Amino acid sequence: MKNIFIKVIIITFVFISLIAFWRTPVSLALMNSESYINWMDSLNFGGEETSSSTNYQLQDTAGEIGTGEISSTNYAGLIGFRQAEADPKMTFAISDTSVDFGTLSTSSVSSDSITITSTTNAVDGYVTTIYETENLKTGGSADIDDVADGTVTAGSEEYGIRTSGTDGQMNGADTAITVSPQAVASHASWINGSVVTITFKAAISSLTSAGAYAHNVTLISTGRF
Amino acid sequence: MKRKSLFKKIVGGTLVSLILMLAFPSVPAHATHTSIKDTMSRLKTGVGSNHEIQFTLDASTNIIEDETIIITFAASWTDGLNSIDCEDIDIMDDATQEDIAEVAVEACAATATEWGAIVAGDVLTLTAPSGASTYIDASSVVTIKIGTNATEEHTGDTQIVNPAAGNDLAITIGGTGDSGTDPDGQLAVSIIAEDQVTVTATVLPSFTFTISSSTCALGDLTLGTVQTCNVTLTTTTNAVSGYTTTVVGTAAGAEMVHSNLTDDIDNATGVEVNANSEEFGIGTSDSGVDIVQESDCAGADGGAAADAESIDTNGDNVAASVASAAGPVAADATIACFAASAAATTVAGQYTSTVTFISTGTF
């Protein structure tokens with residue numbers, strides 16, 4: 001009995017070894033018949049498509065060996081069932097499309113915040129940019145000056161944004177919004193729910209023209225696949 | 001002993017299996033471009049957006065004559081892609097512009113020297129020129145601009161309108177040699193209900209005006225000199241168009257009136273109050289206003305003349321401007337200079353004049 005059991009184990013390992021040999025670059029992809037093509041197959045022993053709870057969703061595959069990204073000067077590969085099967089994913093959300101400072105004061109800095117959230121399976125992550133078409137201004141000629149010294153200060157006419165969050169790109173200074181897109185958030189690999197807070201700040205001096213000020217800023221999130 | 005030997009075989013076999021699997025990892029069965037992205041100018045549903053699709057050709061792919069780059073937008077984009085044409089498209093190879101056909105000349109079809117750009121459904125097919133050559137080398141960075149961001153030969157005038165809001169909207173990049181179900185690259189974009197944040201703020205109007213004194217004593221008027229006194233008018237405002245301060249007398253033609261209410265000191269007839277001439281007037285330190293500028297009111301006191309004119313410059317009792325600014329000001333001070341002189345026939349006595357200053361902001 002024991003001998004038979006041992007032989008079965010050995011044959012099993014040999015069989016696995018042969019399968020490993022036979023997985024040439026082409027043979028992996030081409031399971032097909034007249035009615036279908038399966039672009040990827042996988043030798044594994046388990047996995048789920050619908051694992052989830054309140055805080056996560058998981059699609060997993062168990063039993064694969066040597067999965068992940070590989071590359072050199074001349075090639076790049078995404079190894080494994082999950083790497084191969086994934087359609088490109090990109091979601092982007094803005095928490096609030098209205099920022100209202102209310103009445104500005106010469107004695108304090110007014111601020112309001114929004115959050116932006118990006119999720120992507122892009123291999124190089126994503127970047128979110130912000131741009132304006134014109135300054136924060138009245139219907140006439142008056143505008144609130146862009147911050148230039150890194151800090152919006154009470155009593156000075158200044159307007160800008162600062163980010164917070166791991167992927168924020170303006171975490172260190174209050175920064176002017178320009179007509180050229182500038183990165184406000186970025187992540188260098190796939191990410192599920194990258195949240196960055198953008199805090200808008202404004203201050204005025206006694207010489208800031210009275211009036212109702214407004215402008216639109218546009219946020220664009222781009223996956224880097 | 002036998003059991004130990006068997007155990008070694010099992011472990012050995014396992015290791016061999018693992019090594020073989022690691023040594024021959026699976027690789028994608030198709031060529032894949034890298035660094036693929038589509039930078040759009042707008043993500044809002046229903047609005048036109050420029051696209052800047054960029055990717056790096058894989059190391060084994062040159063694009064030669066007659067070969068294609070095929071960009072397929074997800075079905076949610078409008079068929080025809082809002083009638084973009086070749087004049088709305090740029091193709092760049094490592095930032096070098098490729099020649100592209102024109103509507104009027106080649107009807108956007110490829111020629112021996114120019115790329116073609118044809119839209120059918122949601123598919124944009126870019127075809128390399130037919131002249132034998134390699135048009136884009138392997139590993140090159142390819143940039144395709146679509147929309148008003150295109151500038152080659154013509155500036156684009158049409159953008160692709162974003163489809164209904166949705167996530168994971170795929171754009172695939174294929175071309176010659178691909179099956180269509182096996183594109184060389186894929187990306188996804190997220191179209192959202194609103195991609196703009198409207199920022200609003202209010203700055204309340206402010207205005208302050210002060211007159212340094214409500215009296216101004218000219219003292220004793222004597223022959224040979226012009227007496228002056230002054231008050232300072234100060235305005236602070238954030239009115240976008242600044243302010244104007246005016247002066248007006250009590251009535252048309254009002255002069256400095258004697259306490260007997262009969263006699264008076266005549267208003268200045270020109271823009272100067274001169275000694276030995278019975279004249280009363282006002283000057284201002286400001287320029288560009290109705291009242292004549294008297295830049296050194298204090299220095300004129302006791303002198304032979306001062307730049308000053310009648311408060312009622314036109315004899316109609318319409319207020320005349322003595323100070324102004326074109327924008328917001330902080331503590332903008334103007335000196336209003338009163339000047340008077342007496343002639344030998346001026347009746348002795350006490351004379352007074354009441355004038356009113358009004359400062360008005362233009363918001």
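Me: Which residue stands opposite B:His51 in E11(B)?
Reply: B:His51 stands opposite B:Ile146. The model is a predicted one, in which local features need pLDDT of at least 70 and side-chain atom pairs count only at pLDDT 80 or more, whereas totals for chains, interfaces and linings use all residues. Residues are numbered from 1 along each chain as its sequence is written, while chains are lettered from A and ligands numbered from 1 in the order in which they are written.

Me: What makes strand E3 and strand E11 of chain B a pair?
Reply: Strands are DSSP runs (E, at least two residues) numbered from the N terminus, as are helices (H or I, at least four residues), and two strands pair if DSSP finds at least two bridges between them. Strand E3 (residues 51-56) and strand E11 (residues 141-146) of chain B are joined by six bridges in the antiparallel sense, so they meet the definition of a pair.

Me: Why does one side of strand E1 and of strand E7 in chain B have no neighbour in the sheet?
Reply: The open sheet holds five strands of chain B in the order E1-E3-E11-E6-E7, with antiparallel pairing. Strand E1 (34-40) and strand E7 (96-97) of chain B stand at its edges and have a single partner strand each, so one side of each is left without a neighbour.

Me: Which strands of chain B stand at the edges of the open sheet of four strands?
Reply: That sheet runs in the order E16-E17-E25-E22 of chain B with antiparallel pairing. Strand E16 (207-211) and strand E22 (279-284) of chain B stand at the edges, so each has one side without a neighbour in the sheet. From one strand to the next the twist averages 15° (axes are lines fitted to C-alpha atoms, for helices over the stretch in contact, and angles run from 0 to 180 degrees between N-to-C directions). E16(B) and strand E17 (residues 227-237) of chain B pair in the antiparallel sense over five bridges, and B:Thr210 has B:Thr234 as its bridge partner in E17(B).

Me: Why is B:Ala201 called buried?
Reply: A residue is buried if 20 or more other C-beta atoms, placed from the backbone, lie within 10 Å of its own, exposed if 12 or fewer do, and partly exposed in between. B:Ala201 has 25 C-beta neighbours inside 10 Å, so it counts as buried. B:Ala201 lies in strand E15 (residues 196-203) of chain B.

Me: Which residues of chain A are in contact with B:Ala201?
Reply: Two residues are in contact if their C-beta atoms, placed from the backbone, lie within 7 Å. Leaving aside neighbours within four places in sequence, B:Ala201 is in contact with A:Phe101, A:Leu104, A:Ser110, A:Leu136, A:Ala202 and A:Tyr213.

Me: Why is strand E7 of chain A described as largely enclosed?
Reply: Four of the five residues of E7(A) (residues 90-94) are buried, so the rest of the structure largely encloses this strand. E7(A) pairs with strand E9 (residues 110-120) of chain A in the antiparallel sense over five bridges, and A:Ala93 stands opposite A:Thr117 in E9(A).

Me: What is the make-up of each chain in helices and strands?
Reply: Chain A has two helices and 14 strands, and 32% of its 225 residues are buried. Chain B has three helices and 27 strands, with 41% of its 363 residues counted as buried.
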